[in-house]
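I opened my notebook for a friendly look at one more chain. Here is the structure I had on screen.

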Amino acid sequence: MKQLTEGQRYELQAYLQAGIKKDEIAHLLGIHRSTLYRELCRNKWNPTDSYDADYAQYRYERRKEQRIRPKKFTMCVKARAEAMLVQLNYSPEQIVGRCKGLGFPMVSVERLYQWIWEDKRKGGDLYRSLRRKGRKHGKEVPRIIVEDAFPIARIFRKDLLLWRKKRWGDLEMDTIIGKNNKGAILTINERKTGWLWTYKLPSKEAKYVAAATVQLLRPYKGRIHTITSDNGSEFADHQYIAKELGIDFYFAKPHHPWERGANENLNGLIRQYIPKGISFEYITHQYIEEMTLEINQRPRKRLGFLSPKEAQTFRKIKQLKKKLNL
């Protein structure tokens, strides 16, 4: 949008006081007539006031000061973005959200992606720190239906708290399988805060999954309410899990991954640390624990870019205040 210069504004005031027609003034100033009419409309206190060049210039400068300017992608901003992308494994959206919350300057999500793909074209490897590294989603694999599986749709009708994520203690679970179907990692997440538990298994046999689940969650018995999984055969011992933990066990419908979408998302995060096709033989329990800790410290958009660890801490503080009637 073309703006008049300060000198043109004084010329405009003089021409108007001389009684020259507006179309002719536009020609004399070398501007389009719509630019002139916009200037007269925007830079007067009242529409009936006469045009004042000093006041018009003041209005223009005030708007210019208040205009939100795009942040510059300086070397400092690039260094911060690269550290958060590569070292902390943050996504571009997490980088922007976290910086906004901390008050650090950062460019837009779109600009970060442009920078990453520009780096790739130049032979760089920043894109390798992206969650999917630019790959498209694979095809869906059919699942085995587990006997006596209680469908999750019924819990949605029975208890809306689960769907709305208003209470702590509704969990989702799945397994990640190693190369050549050897070895597995159990993943369990809490729906409200996104807190993650993981455990390396010798295989995805139901007995190992059930034993590890009970071991991980026994300290939370009485505080957890439900677990939801897919229909994989590794969850065939769901009744044992439900009995030992005193919870209700539910199953998503086949080919409905969005019914346990938080867990699907977390498994995608784990694949940044353990890509598909990697053998689990040399993945140690210590590495799994360190990976889990780092994921629990990564910010989440749905938590206002707090991390699950911070969300857990705030929950405990809130419970303590409630207990002390503060």
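These entries follow what I looked up, from a charged patch to some aromatic rings.

**Entry 1: ground rules.** I reminded myself that I am reading a predicted model.

**Entry 2: the charged patch.** I looked for charge on the surface and found a negative patch where Glu6, Asp52, Asp54 and Glu61 gather. I then placed Glu6, which lies in helix α1, residues 6–17. Its relative accessible area is 41%, so I noted Glu6 as partly exposed.

**Entry 3: aromatic pairs.** How many aromatic pairs does the structure hold? I found six. I picked out Trp168 and Tyr220, whose ring centres are 6.1 Å apart; their planes meet at 40 degrees, so I logged the pair as tilted. Trp168 sits in the loop between α9 (160–164) and β1 (170–177), while Tyr220 sits in the loop between α10 (206–217) and β4 (226–229), so this pair ties together parts 52 residues apart in sequence.

**Entry 4: a further partner.** Tyr220 also pairs with Trp197, and here the geometry is edge-to-face, with 5.3 Å from centre to centre and 75 degrees between the planes. Trp197 belongs to strand β3 (residues 196–201), and this pair again links distant parts of the chain, 23 residues apart.

**Entry 5: buried or exposed?** I checked the accessibility of each ring's residue. Trp168 has 9% relative accessibility, so I put it down as buried. Trp197 is buried as well, at 7%.

Key
Residues are numbered from 1 along each chain as its sequence is written. This is a predicted model: local features need pLDDT of at least 70, side-chain atom pairs count only at pLDDT 80 or more; totals for chains, interfaces and linings use all residues. Side-chain values use heavy atoms; hydrogens and water are left out. Patches are made of residues with over 30% relative accessible area and no salt bridge: like charges are joined within 9 Å, nonpolar side chains (Val, Leu, Ile, Met, Phe, Trp, Tyr) within 5 Å. Accessible areas come from the Shrake-Rupley method with a 1.4 Å probe; for residues, only the protein chains shown count as cover. A salt bridge is a side-chain nitrogen of Lys or Arg within 4 Å of a carboxyl oxygen of Asp or Glu. Lys and Arg count as positive and Asp and Glu as negative; His and the chain ends are not counted. The place of a charge is taken as NZ of Lys, CZ of Arg, CG of Asp or CD of Glu. Helices (H or I, at least four residues) and strands (E, at least two) are DSSP runs, numbered from the N terminus. Buried means under 20% relative accessible area, exposed over 50%, partly exposed in between (1.4 Å probe, protein chains only). Rings of Phe, Tyr and Trp (its six-membered ring) pair if their centres lie within 6.5 Å; planes under 30 degrees apart count as stacked, over 60 as edge-to-face and the rest as tilted.
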